[in-house]
Amino acid sequence: MPRIDAILKLFHERGHSEYGGEPVTQLEHALQCATLAEAEHASPALIAAALLHDIGHLLHQLPDDAPDHGVDDVHEELGYRYLSQQFGTGVAEPVRLHVPAKRYLCAINAEYMARLSPPSVMSLALQGGPMSADEMASFEANPFAMDAVRLRKWDDEAKVSGLPTPNAEHFAQYLRAALTHPAD
Ligand code: FE
């Protein structure tokens, strides 16, 4: 079962890898995403989801540039399974849905799609491209769809080289608040 100290260790040990072709590391990306969520006064669960949305990238051994080789690492599913052991749906579901949210936003908003970074365009193709009308309807029916859309927008902005943020320990308070069994 992932404990909070195990999560922080994962960030410290593996978070210095490149964030898939972007000018930030995995840890910088996670911290920027959580900082944006905190600035919008998101719930503790959603701030935790923002920090942890890409933890699946730290759980596998595929190279950072796997999408360049046509490989989708399915990190949202890996992250969802890992986080479900310790957190409720308010954390795990937005993480699972942050890739579908990108496919959703591309389907409803051409400008959104046009602003995606080149690595994000590359992975979009591997992730199934913009959603169909049927896929959009089932996405919208998920109670966590709008949380996932908010998370996605922070995710897309959290790629600024050298931006100062609070550290991972600062955000651990939200992880603690979002635990399913805090007394364990
Ligand atoms: Fe991300």
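Contact here means heavy atoms within 4.5 Å. Keep that in mind for the first residue.

Two remarks on the model. This is a predicted model, in which local features need pLDDT of at least 70 and side-chain atom pairs count only at pLDDT 80 or more, while totals for chains, interfaces and linings use all residues. Residues are numbered from 1 along each chain as its sequence is written, and side-chain values use heavy atoms, with hydrogens and water left out.

Let me start with Lys102. Lys102 sits in helix H5, residues 89-108. Helices are DSSP runs of H or I, at least four residues, numbered from the N terminus. Setting aside neighbours within four places in sequence, Lys102 is in contact with Tyr112, Leu116, Ser120, Ser123, Leu124, Gln127 and Arg152. With Gln127 there is also a side-chain polar contact, at 3.0 Å. A polar contact is a pair of N or O atoms within 3.5 Å; within protein, one must be able to donate a hydrogen and the other to accept it, and residues adjacent in sequence count only if both atoms are side-chain atoms.

What about charge partners? Lys102 is buried yet has no salt bridge. Its nearest side chain of opposite charge is Asp156, 6.7 Å away. Buried means under 20% relative accessible area, exposed over 50%, and partly exposed in between, with a 1.4 Å probe and protein chains only. A salt bridge needs a side-chain nitrogen of Lys or Arg within 4 Å of a carboxyl oxygen of Asp or Glu. For charge, Lys and Arg count as positive, Asp and Glu as negative; His and the chain ends are not counted.

So where does Asp156 find a partner? Asp156 meets Arg152 in a salt bridge, 3.3 Å from N to O. Both lie in helix H9, four residues apart, about one turn of the helix. Salt bridges that share partners join Arg152, Asp155 and Asp156 into one network. Arg152 is buried, because its relative accessible area is 5%. Asp156, at 21%, counts as partly exposed.

How many salt bridges are there by this rule? The count comes to seven. Here are two others.

Glu40 and Arg150 pair at 3.4 Å, N to O. Glu40 lies in the loop between H2 and H3 and Arg150 in helix H9, so the pair ties together parts that are 110 residues apart in sequence. Glu40 is partly exposed at 44%. Arg150 is partly exposed too, at 31%.

Arg96 and Glu93 pair at 2.9 Å, N to O. Both are in helix H5, three residues apart, about one turn. Glu93 is buried, at 8% relative accessibility. Arg96 is partly exposed, at 24%.

Next, the largest pocket. Its volume is about 580 Å³. Of the 36 residues that line the pocket, Tyr19, Gly20, His57, Asp64 and Pro67 are the closest to its centre. H5, helix H7 (118-127) and helix H9 (145-157) are the elements that give two or more residues to the lining. H7 provides the largest share, seven residues. The method: on a 1 Å grid over the protein atoms alone, a pocket is an open set of points where a 1.4 Å probe fits, with protein on both sides within 12 Å along at least five of seven lines; lining residues have an atom within 4 Å of a point. Points are joined across faces, edges and corners, and the volume is the space filled by probe spheres set on them.

Now Ser117, in the loop between helix H6 (110-115) and H7. Is Ser117 buried or exposed? Ser117 counts as buried, at 16% relative accessibility. Its side chain makes a polar contact of 2.6 Å with that of Glu22. Beyond four places in sequence, Ser117 is in contact with Glu22 and Lys159.

Ala48 is in helix H3, residues 44-52. At 1% relative accessibility, Ala48 counts as buried.

Gln173 belongs to helix H10, residues 168-178. Gln173 is partly exposed, at 40%. Its side chain reaches the backbone oxygen of His170 at 2.9 Å.

Last, His41, in the loop between helix H2 (26-39) and H3. His41 is exposed, with a relative accessible area of 71%. Its phi is near 55°, a positive value in a residue other than glycine.
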